Amino acid sequence: MGYIPPNEFIRVAERNGDITELGRQIFDRVCRFVNNENVVNQGIEFINVNLSPAQCLDDDLAADLSGIAFKHGVPMNMFDFEITESFIDDHQAIVNQMTRLQASGAELSLDDFGTGASNIAQLLKLPIHVVKLDMSVVHSYFKGESKLLPDLIQMFRNSDMKIVVEGVETVDMKTQLAEMGCDYEQGYFFSKPVPPSAFLAYLRATR
């Protein structure tokens with residue numbers, strides 16, 4: 001069938017219930033990579049791992065992830081779990097899960113902000129320290145379609161949150177976003193998604 005993007009197969013896994021096991025296997029591979037390649041010595045302080053909203057409704061999630069990390073000898077404070085904005089429908093259940101993950105040492109980020117329709121006041125009460133602004137918000141600003149981006153950045157900075165912007169593709173975008181106060185940037189300007197071996201080579205080449 002050729003290339004199948006994550007937004008397609010993840011949707012199927014969420015629908016048929018396989019997402020919890022898929023999430024466990026992905027996290028197991030990440031922990032094995034962290035341990036086997038000793039990434040800390042290569043300058044990596046933490047690794048972000050995506051969590052599906054459906055995973056977050058599993059009451060055993062925090063215990064399962066902590067057990068996998070322990071098996072590989074990797075501390076949970078090595079991980080920053082990204083949860084998409086769409087999860088807000090079951091706010092209290094997610095807050096409970098986030099609290100357990102934080103108690104294990106992990107950090108939490110809000111991913112793809114701008115793609116949902118959540119109550120901002122509710123979002124700001126979540127135990128998160130980083131907000132990732134979706135590339136659609138970033139690109140709309142640079143295409144002249146919306147002026148909202150600087151205000152969003154300032155709002156989250158006023159709430160003592162770190163800002164990540166997605167979809168950085170040019171040096172002009174990189175410069176302007178830094179001037180707006182973004183803490184981190186990601187996008188094809190820096191690198192396309194790559195397999196572990198290429199990522200390690202990239203690290204060595206840029207250190």
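How many residues does helix α4 have, and how far does α4 reach from its first C-alpha to its last?

1. Helix α4 (residues 91-103) has 13 residues and reaches 18 Å, close to the 18 Å expected at 1.5 Å a residue. Helices here are DSSP runs of H or I with at least four residues, and strands are E runs of at least two.

2. This is a predicted model: local features need pLDDT of at least 70, side-chain atom pairs count only at pLDDT 80 or more, and totals for chains, interfaces and linings use all residues. Residues are numbered from 1 along each chain as its sequence is written, and side-chain values use heavy atoms, without hydrogens and water.

3. In α4, the buried residues include His91, Ile94, Val95, Gln97, Met98 and Leu101. Buried means under 20% relative accessible area (1.4 Å probe, protein chains only). Those six residues cover an arc of only 165 degrees around the axis, which puts them on the same side of α4. Gly105 follows α4, with a positive phi near 115 degrees.

4. The largest nonpolar core has 51 residues. Phe27, Phe79 and Phe81 have the most contacts inside it. Such a core joins buried nonpolar residues through side-chain atoms within 4.5 Å.

5. Phe81 touches Leu101 and Ser109, among others. Contact means heavy atoms within 4.5 Å. Ser109 lies in strand β3 (residues 107-113) and counts as buried at 1% relative accessibility. Its contacts include Asn48, Asp80 and His129.

6. Helix α6 (residues 135-142) and helix α7 (residues 149-158) have axes that come within 9 Å and cross at roughly 135 degrees. The two helices are therefore oblique to each other. Val137, Val138, Tyr141 and Phe142 of α6 meet Leu149, Pro150 and Leu152 of α7.

Methods: Buried means under 20% relative accessible area, exposed over 50%, partly exposed in between (1.4 Å probe, protein chains only). The expected span of a helix is 1.5 Å times one less than its number of residues. The arc is that of the directions from the helix axis to the C-beta atoms. Axes are lines fitted to C-alpha atoms, for helices over the stretch in contact, and angles run from 0 to 180 degrees between N-to-C directions. Angles under 35 degrees count as roughly parallel, over 145 as roughly antiparallel, 65 to 115 as roughly perpendicular and the rest as oblique. Lists of a residue's contacts leave out its neighbours within four places in sequence.
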